[in-house]
Amino acid sequence: MQYARKMVNPFVQTDADRAFPSGDAFLVYPGETGPIESIRMVVFYEALQDVRALEMLEGLIGRERTIALIEEDLEVPLTFSEYPHEPDWIIKKREKINQLIASLA
């Protein structure tokens with residue numbers, strides 16, 4: 001039942017009438033003055049920007065040095081199951097990446 005067959009209120013029925021897990025059904029929500037971006041959409045956009053910055057850095061200093069920069073303060077290599085849980089780690093790492101790109105570009 002993933003195709004719309006009736007109107008739903010996405011603020012109340014967050015799973016699109018059980019078609020998806022809650023939160024996965026909507027990237028935007030209706031607002032009084034226009035669409036409201038979902039948190040998922042904002043985070044996805046930020047992730048795409050991070051990927052682009054890493055690709056740019058890789059083009060400037062190479063893949064090995066880029067990975068070394070990402071993992072320089074970690075006790076174990078970065079994986080999907082092993083990663084920093086501190087909320088500011090990614091922000092500080094991204095600031096360092098941005099500064100390095102600016103200094104090399």
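How close do the axes of α1 and α2 come, and at what angle do they cross?

Author: The axes of α1 and α2 come within 7 Å and cross at roughly 125 degrees, where an axis is a line fitted to C-alpha atoms, for helices over the stretch in contact, and an angle runs from 0 to 180 degrees between N-to-C directions. That angle makes α1 oblique to α2, since angles under 35 degrees count as roughly parallel, those over 145 as roughly antiparallel, those from 65 to 115 as roughly perpendicular, and the rest as oblique. The crossing of α1 and α2 is right-handed; a crossing has this name if the near helix is turned clockwise from the far one by less than a right angle, and is left-handed if the turn is anticlockwise. On the side of α1 the contact is made by Leu54, Leu57, Glu58 and Ile61, and on the side of α2 by Arg63, Arg65, Thr66, Leu69 and Ile70, contact being understood as heavy atoms within 4.5 Å. By class, the contact of α1 with α2 has five nonpolar, one polar and three charged residues, where Ala, Val, Leu, Ile, Met, Phe, Trp, Tyr, Cys and Pro count as nonpolar, Asp, Glu, Lys and Arg as charged, and the others, Gly among them, as polar.

Before going further, a word on the basis of this description. This is a predicted model, in which local features need pLDDT of at least 70 and side-chain atom pairs count only at pLDDT 80 or more, while totals for chains, interfaces and linings use all residues. Residues are numbered from 1 along each chain as its sequence is written, and side-chain values use heavy atoms, with hydrogens and water left out. The helices (H or I, at least four residues) and strands (E, at least two) are DSSP runs, numbered from the N terminus.

Now to α2 itself, which spans residues 63-71 and in which Thr66, Leu69 and Ile70 are buried; buried means under 20% relative accessible area, exposed means over 50%, and partly exposed lies in between, with a 1.4 Å probe and protein chains only. These three residues cover an arc of only 100 degrees around the axis, which puts them on the same side of α2, the arc being that of the directions from the helix axis to the C-beta atoms. An α-helix has 3.6 residues a turn, so residues three or four places apart point the same way. The face of α2 turned away from its buried side carries the exposed residues Glu64 and Arg65, whereas the buried residues of α2 pack against α1, residues 39-61, and α3, residues 89-104.

Thr66 is found in helix α2 and counts as buried at 5% relative accessibility. Not counting residues up to four places away in sequence, Thr66 touches Leu54, Leu57, Glu58 and Ile61. The C-alpha atoms of Thr66 and Gln99 are separated by 13 Å, and these two residues are 33 residues apart along the chain.

The axes of α1 and α3 come within 10 Å and cross at roughly 40 degrees, and that makes α1 oblique to α3. Here α1 passes α3 in a left-handed crossing. From α1 the contact draws on Gln49, Asp50, Ala53, Leu54, Met56, Leu57, Leu60 and Ile61, and from α3 on Ile90, Arg94, Ile97, Leu100, Ile101 and Leu104. The residues of this contact of α1 with α3 divide into eleven nonpolar, one polar and two charged.

Two further residues of these partner helices complete the view. Arg40, which is found in helix α1, is partly exposed, with a relative accessible area of 35%. Leaving aside its neighbours within four places in sequence, Arg40 is in contact with Gly23, Asp24, Ala25 and Leu27. Ala102, whose place is in helix α3, is exposed, with a relative accessible area of 56%.
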